[in-house]
Amino acid sequence: MTENSKKRDNAANSSRYTKKQLICSERYCNQSDLLCALLENGKTYTFAEADEIMIRFKKGKVKVC
């Protein structure tokens, strides 16, 4: 990999997106309902942050009333 392609990859990974942008993206088309419930309005997220939020939610325990 050249240095320029590494910089582009890092820039793409660190780009921040709104809740609406992530929900409408092709990457999360199958998880749009989950993202809609978990992400906050008015806040921006990277793909890594959105992935981590979903992973933590999926690994969480169910509370029994």
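1. In this predicted model, the side chains of aspartate 51 and arginine 27 meet in a salt bridge, with N and O 3.0 Å apart. Aspartate 51 belongs to helix α4, whereas arginine 27 is in the loop between α2 and α3, so the bridge ties together parts that are 24 residues apart in sequence. Both partners are partly exposed: aspartate 51 has a relative accessibility of 23%, and arginine 27 has 48%.

2. Arginine 27 has a second contact to note. Its charged end sits over the ring of phenylalanine 47, at 4.4 Å from the ring centre. When looking at arginine 27, check both partners: the carboxyl group of aspartate 51 and the ring of phenylalanine 47.

3. Phenylalanine 47 also takes part in an aromatic pair, this time with tyrosine 28. A pair of aromatic rings is described by the distance of the centres and the angle of the planes. Here the centres are 5.9 Å apart and the planes make an angle of 50°, and the pair is classed as tilted. Tyrosine 28 is in the loop between α2 (19–24) and α3 (32–38), while phenylalanine 47 is in helix α4 (residues 47–59); the two are 19 residues apart, and the pair links distant parts of the chain. Tyrosine 28 counts as buried because its relative accessibility is 2%, and buried means under 20%.

4. How many aromatic pairs does the structure hold? There are two. Ring pairs join Tyr17, Tyr28 and Phe47 into a cluster.

5. The salt bridges number three. Side chains of opposite charge can pair when their charged atoms come close. One of the bridges is between arginine 16 and glutamate 49, at 3.1 Å from N to O. Arginine 16 is in the loop between α1 (3–14) and β1 (17–18) and glutamate 49 is in helix α4, 33 residues apart, so this pair too links distant parts of the chain. Arginine 16 is partly exposed at 43% relative accessibility, and glutamate 49 is partly exposed at 31%.

6. Another bridge joins glutamate 52 to arginine 56, whose closest N and O atoms are 3.6 Å apart. Where do these two residues lie? Both are in helix α4, four residues apart, which is about one turn of the helix. Glutamate 52 is partly exposed, with a relative accessible area of 40%. Arginine 56 has 53% and counts as exposed, because the cut-off for exposed is over 50%.

Technical notes: Residues numbered from 1 in each chain as written. Predicted model: local features only at pLDDT ≥ 70, side-chain atom pairs only at ≥ 80, totals over all residues. Heavy atoms only, no water. Phe/Tyr/Trp six-rings, centres within 6.5 Å; stacked < 30°, edge-to-face > 60°. Buried < 20%, exposed > 50% of the residue type's maximum accessible area, 1.4 Å probe, protein only. Lys NZ or Arg CZ within 6 Å of the ring centre and 35° of its normal. Salt bridge = Lys/Arg side-chain N within 4 Å of Asp/Glu carboxyl O.
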